[in-house]
Every structure is written in structure tokens, then in C-alpha cells.
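Visitor: I am new to this structure. Please take one part, the contact between the two chains, and go through it closely.

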Amino acid sequence: MKRHVLHPLWVAIGLVGLIFLARLFVVPDDFGVHGDSFTYNYHRLSNVQEWQEFPVKYQGRDSCAECHKDNVRTQRRGPHKRIQCENCHGPSGPPGNHPDNEEYLPLNKERDLCMRCHASLEYPDAARSELPAIHDRRHKRRRECVECHNPHDPREDVE
Amino acid sequence: MSCSRRDFLKDAVSGAAATVLPLSAFTFLTTDEAKAAIAEATVRWAFLVDTTKCVGCGLCVKACKNENEIPYDAPVTRTWVERYVVTKDGRTLADSPNGGRDGFTTGTIRGEEIDPENVAKAFFVPKLCNQCDNPACVQVCPVGATYQTHDGVVLIDREWCIGCGYCIMACPYGVRFFHPEHKVADKCNFCYHRITKGMQPACVDSCAFGARRIANLRDPDDPVTQIITTERVAVLKDEYGTKPHVFYIGLDASVR
């Protein structure tokens, strides 16, 4: 064969070889088929572990109850018992942030937060219509709900 | 047909060897080894959404964004809540402002004031990743950056994803988006870091109305699994053949 044909051929073969060589170093050892299907289970195995170690932010009411017994007790007896503390108080994790870092737990006392459930939407047969509701324009405009209603047990007025 | 003694012995030995040798391919497992081998099949995560219970408060969307470090004000979210209003004159209106992150507090949909008298039915539909059995998003990934775990959850390898966006296009449910900070594809993973620790996903915990629940389909004693297997539930876009694993109670035909 002529040299002008062979030369580019060697270059091309060399490049392919280089790619295979680079692949040895770049592709992690745990990359492969981890399961039944090449289509769905072809991945880097350690990534599963990495996702499991993602930090948890919302620790749940039981973790709040360890210190705030009274508030949790008040909240559990009222109609707001189904609401998690962190829905209004903000997430307390990841561990080390609360209670060590005072800044971390921003309490949301805004009227808008209450309006998520208690703004009147007149929808027939919807679960929303069963909640006690107000019309924003007609009920104590621009006042914060918590000035009058105790959010932990809304049947109680704030003294 | 003639057969010498020599041929007969030869065939007999090789025949016996041919039947016995494949058996050696099977290995005897100890009880622990057998348990470990089938352990992979003891969990299959699924989700149950009861649309009749959802009030559209959007606290699930807020919790999800905080829990999973999704930029709060960016127009992307792993889960969202849609509102559907079907009017008496036959129109279907739907909206999901900010993914329902701040709840639904007015009757106005896309700038249109709806007369409450004209509402035939209205409901809220939370949406999230369906963790399909045949995930189209995984099929199209050119680099193996997204995959299905043994417990059915589809994950994305943030180190391996090149951000090409094929999976975002492939998902029939539109649950994938481009993460503005990590510059990779992102989506709901049922809070994999929580469910593998025995906790509930953040959206499930934050829902005060029990509209969202998580189930292990391989556990017949799981109360949510019992609802999925014995009550009337539906899935979204069944016709795509993706075998979605988010099941809905009270799903209306107008939901897309």
C-alpha cells in the first residue's frame, strides 16, 4: 500500500488506542452494570452511597419534642396537630445548625403562610373548602394572624 | 448400526460428563448468602397521591426545595402542585404558579378571574418523579450518568452527568430540569437520603393532610401498599409504557 494511505491509518489507529488507554484511567473502577439490565443499571456504584449521605434538613417533630415539650404538647392537642413544626419554623438540620446556630431557624409569622390553607377558595367538593377560611380583603387586612390566633392551638386566643 | 466396545465406552463417559458438568455451574449457598442474593428484591419504592385530600397549600414544594437544596427562587422544582378548575361551560383551566411553592391563595388563574358560581369542579394534583420501571430518561443517557437502583429509584450521578439535556427531553412527565448551580440534570428521587434511613420524604412529612404517602411495594403489610394493590388507583400517561410508580387516587381525566 502507498505511504500516503498507511500514514493516516496509523494515526487513526493510534488515536483509538489512546482513547482506550485514557479510558483505563478516567473511568472509575466501580463503573459497570450493577443489576439485571444494561439499559437501566449501567452506572457508577458509589454514587448510590453518595446520595444516601446527602444531609437531612427536616428532622421531624419528634426531634423538636426533645427540648420543646410544652409547645409540642399544646400543638398536638389542637386542630393544627397534623402540621409539622418545621413547616412554619423552618428546617432545623442539618445537625449542628440548630440549636447551636441561632440564625438558622427563621420563624415565619407571615400572614401569607396561614393563607396557604386559610384563604377562601370556593371550590365545590374540594378538601380545601372544608377548612376554616377568610377573605383576605375582608378580614383584618394587613394584620398578622398570630397577633390574635395562637398558631400552636388556634382555638386559643393570644392573651 | 454397529458399535464397538471402545466407542460405546467413549460415548458413555463423555455423555455422563456432559450431563454432570453443567451442574457444577450451580453453586451451593449458605443461608446468609442466599438471603443476601435476594435482599435486593425486598424493597421497591412507590408513591401514593390522594388528590381528594390535597388543599393546595404548597408546603410540600417548599419543604422539597429546602431539603434538596434546590435554589428557592429559580423557576425549577423537583415536585410541584397543579390546580385544575373545570368550569360549567366546559373549559379546563390549569395553573401552577412557582410550582405551587407559595400555595394557592386567590381564585385567579393565569390572570383570569373565575366566577365561583361557574366552577363545576376544582382540585389540586401534586406531581413528582414517577420512578418508572422503564425510565425513558435512563435509556437516552449517553454516558451512564442516570440509572435505576435496585429499589426502583432513578438517580442522577452529578459527577458523571455532562448536562446534555437528553433526559430532560425524554421524560414524558417533565419532571427533569437543569440544576442551575450544579449544571447537571436534576429531579425528584423520593428523598433517597431519607427513605434509606427509615424516614419519610420531606414532602410526605410536610403534608398535613395525608395527600402524599410513600410505600414499599414488596412489603405486603405496608398499609400504603395495601391501598395501591386493593383500591382503585391510576397512573399518569400509562400509554407511554414507562410503568410509572406514583399512583393517584381520584385522578380526573382532565389531568395531563
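Guide: A salt bridge is a side-chain nitrogen of Lys or Arg within 4 Å of a carboxyl oxygen of Asp or Glu. Between chain A and chain B there are four salt bridges. In one of them the side chains of A:Arg116 and B:Asp102 meet at 3.9 Å, N to O. This is a predicted model, in which local features need pLDDT of at least 70 and side-chain atom pairs count only at pLDDT 80 or more, while totals for chains, interfaces and linings use all residues. Residues are numbered from 1 along each chain as its sequence is written, chains are lettered from A in the order in which they are written, and side-chain values use heavy atoms, with hydrogens and water left out.

A polar contact is a pair of N or O atoms within 3.5 Å; within protein, one must be able to donate a hydrogen and the other to accept it, and residues adjacent in sequence count only if both atoms are side-chain atoms. By that rule, 23 residue pairs, both at pLDDT 80 or more, are in polar contact across the interface of chain A and chain B. On the side of chain A that touches chain B, two or more residues each come from strand S2 (42–44), helix H2 (46–52) and helix H6 (111–118) of chain A. These helices (H or I, at least four residues) and strands (E, at least two) are DSSP runs, numbered from the N terminus. H2(A) gives the most to that side, with five residues.

Contact here means heavy atoms within 4.5 Å, and 40 residues from chain A and 58 residues from chain B take part. In chain A, the residues that lose the most area to chain B are A:Tyr40, A:Trp51 and A:Arg116, together 22% of what that side buries. Buried area is the accessible area (1.4 Å probe) that two parts lose on being put together, summed over both. The two chains bury about 4100 Å² between them, 57% of it on carbon and sulfur atoms.

One residue of chain B that touches chain A is B:Thr149. B:Thr149 sits in the loop between strand S7 (146–148) and strand S8 (154–156) of chain B. Not counting residues up to four places away in sequence, B:Thr149 touches A:Val48, B:Leu155 and B:Tyr192. The side chains of B:Thr149 and B:Asp151 are joined by a polar contact of 2.4 Å. B:Thr149 has a relative accessible area of 5%, so it is buried (under 20%, 1.4 Å probe, protein chains only).

Technical notes: Buried means under 20% relative accessible area, exposed over 50%, partly exposed in between (1.4 Å probe, protein chains only).
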